[in-house]
Amino acid sequence: MPYIEKSENPIVDLSYQFGVRIVKFYKYLNEKQIYVLSKQLLRCGTSIGANVHESIHAQSRADFINKMNIALKEADETDYWLRLLKDSDIINQKEFDSLEKDVKQIIGTLVKIIKSSKPI
């Protein structure tokens, strides 16, 4: 996948690549005329990486943690929409499993980052 520059930070790369997958999945869902749900998934799925990227230049530790928490909330929402699409039989188990694996990895990574960033 094209990417302008590779980061030294795995969550930056992981969330960016996931965003690219979500954009492509959005196009696929639109071909199936699933407009409203695909738009919801596009918004939250790409917002994860945007918030992670914003955290790079956070003004303080609190700002960094806040941006990571927003990214985590967006990842949780993405997981919700993916489950809804699967349970509504709009996407199949294989499509779901592929994206679900990535979003769960992102959620786990964000939780670890947030916990390790909070002062003791």
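In this predicted model, E54 has a relative accessibility of 43% and therefore counts as partly exposed, whereas K67, at 16% relative accessible area, is buried. The two form a salt bridge whose closest N and O atoms are 3.7 Å apart, and this pair links distant parts of the chain, since E54 belongs to helix α2 and K67 to helix α3, 13 residues apart. K67 also forms a salt bridge with D63, which at 18% relative accessibility counts as buried; because D63 and K67 are four residues apart in helix α3, about one helical turn separates them.

A search of the whole structure finds eight salt bridges, including the following.

| Pair | Closest N and O atoms |
|---|---|
| E54 and K67 | 3.7 Å |
| D63 and K67 | 3.2 Å |
| K104 and D79 | 3.3 Å |

K104 in helix α4 and D79 in helix α3 are 25 residues apart; K104 is partly exposed at 39% relative accessibility, while D79 is buried at 9%. Both take part in a network of salt bridges that also links R83 and E100.

The largest nonpolar core contains 31 residues, with L29, L41 and L110 having the most contacts inside it, and α1, α2, α3 and α4 each give two or more residues to this core. Beyond its sequence neighbours up to four places away, L110 touches residues including I11, I48, V52 and M68.

Helix α1, with 22 residues, reaches 32 Å from its first C-alpha to its last, close to the 32 Å expected. Its N-terminal end is capped by N9, a side-chain oxygen of which lies 3.2 Å from the backbone nitrogen of I11, and among the buried residues of α1 are I11, F18 and L29.

Terms used:
Residues numbered from 1 in each chain as written. Predicted model: local features only at pLDDT ≥ 70, side-chain atom pairs only at ≥ 80, totals over all residues. Heavy atoms only, no water. Core = buried A, V, L, I, M, F, W, Y, C linked by side-chain atoms within 4.5 Å. Buried < 20%, exposed > 50% of the residue type's maximum accessible area, 1.4 Å probe, protein only. Contact = heavy atoms within 4.5 Å. Expected span 1.5 Å × (residues − 1). Polar contact = N/O pair within 3.5 Å; in protein donor to acceptor, adjacent residues only side chain to side chain. Salt bridge = Lys/Arg side-chain N within 4 Å of Asp/Glu carboxyl O.
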